[in-house]
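I opened this notebook to keep track of what I looked up, entry by entry. The sequence and the coordinates come before my notes.

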Amino acid sequence: MSDPDNLIDADGNALVFSVLGGCSADTQCPSYVWYRKEGPTKGIALLRQWPTDFNGVAVVPVLAWNKSGDARNITNWQVLLVDRNTSQVLQTVSDAFVKFDNAFDILFDSESGYYERVNQVAGSYVPTGQRVGMQLTQPLPPVGVAEEIRFFRFAAEDVGRFQNVLDWMKKMTPPWYQFVLQQRPLDIYLNPQLKTQGWAGSAACCWGFDHARIEFEHRPPQDVFSDLYYVVSLVHEAQHVADYRAKKLFVQGRSVDACRAAERSATETERAFLVDLLKTQIYGQDRDHANAYLKFADAKLADGTFDWNPACRD
Ligand SMILES: [Zn+2]
């Protein structure tokens, strides 16, 4: 690419190369970034890091024009993984460029072995589940699996606790147990950073891979009733996953209205679960907790701003 300042994207928009694009203290410049000359929140990025080893052979990445179409069109370029010794092309990555429509960061996720796009919200990173480029390392195995749901970053005993949550749901509210299982393939991650944003959980699905991802800011409870909110959060995030899979909602670049629609959908589901739970044999403090969360859900729906989520604020 002789003139990185004279490129266009697939739609013919002029691009300008950003020397500092994609760089921050944490991410150490994971990507080269070209912004649109008109509308600089949109652009295209090329990951800097590529595997140094391909099926046991030492390789170097080479940027090459695919020899069809306009060489100024950035998407007519591809990355070749070339054998360091023989110069033989071992792999062609034709979708090496990542389109974006908002400022974003990229962080390496050692569980998946991929770089992933993250959103910055209130100074913290919120995973989007969207993977970028190629797998650079073998993924870490999950700490455990319950009902085919994979767990990452938790302590091993947390998987048993989560199984208790599912067993309890199966006994008390079988349709809601089924609702959670319907969101598989599903990975659940511990992410204590969510707490700093005042979030109990977050959900992402399903860019370039099938697995949905739910994150919780704390470990599953030892006793379900002591932390009923964990179950309520699980149902809430499961609805986000269902909506993402149905392509009704998107995390990236979504408008305030779309954010509110997403939170309304999840909060209505949360409410429906609590109504069903209150029809079961729960008594005393447990019933009080369920009623309190129902009141909370009603208040959120009546208010309608869902402004605990910064993306829903005007
Ligand atoms: Zn939500």
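My entries below go through a helix, the nonpolar cores, and then the strands.

Entry 1, ground rules. I am working with a predicted model, in which local features need pLDDT of at least 70 and side-chain atom pairs count only at pLDDT 80 or more, while totals for chains, interfaces and linings use all residues. I number residues from 1 along each chain as its sequence is written.

I took helices (H or I, at least four residues) and strands (E, at least two) as DSSP runs, numbered from the N terminus. Helix α3, residues 228–245, has 18 residues and reaches 26 Å from its first C-alpha to its last, close to the 26 Å expected at 1.5 Å a residue, where the expected span is 1.5 Å times one less than the number of residues. I then checked burial, calling a residue buried if 20 or more other C-beta atoms, placed from the backbone, lie within 10 Å of its own, exposed if 12 or fewer, and partly exposed in between. By that count α3 is mostly covered, with 14 of its 18 residues buried. After the helix comes Lys-247, whose phi is positive, near 60 degrees.

I defined a nonpolar core as a set of buried Ala, Val, Leu, Ile, Met, Phe, Trp, Tyr and Cys residues joined through C-beta atoms within 7 Å. The largest one has 33 residues, and Ile-188, Ile-214, Val-232, Val-235, Val-241 and Leu-274 have the most contacts inside it. Helix α3 supplies the largest share of this core, nine residues. A second, separate core has 23 residues, among them Trp-34, Ile-44, Ala-96 and Tyr-114.

Entry 4, strand β15. Is this strand enclosed or open? I found four of the five residues of β15 (residues 186–190) buried, so the strand is largely enclosed by the rest of the structure. For pairing I required that DSSP find at least two bridges between two strands. Strand β14 (residues 149–152) runs parallel to β15 and is joined to it by three bridges, with Phe-151 opposite Ile-188. Strand β17 (residues 212–216) also pairs with β15 in the parallel sense, over five bridges, and there Glu-215 is the bridge partner of Tyr-189.

I looked up a sheet of four strands in the order β5-β6-β7-β8, with antiparallel pairing. Its edge strands, β5 (53–54) and β8 (89–93), each pair on one side only. Two bridges hold the antiparallel pairing of β5 with β6 (residues 57–65), and Asp-53 stands opposite Ala-58 in β6.
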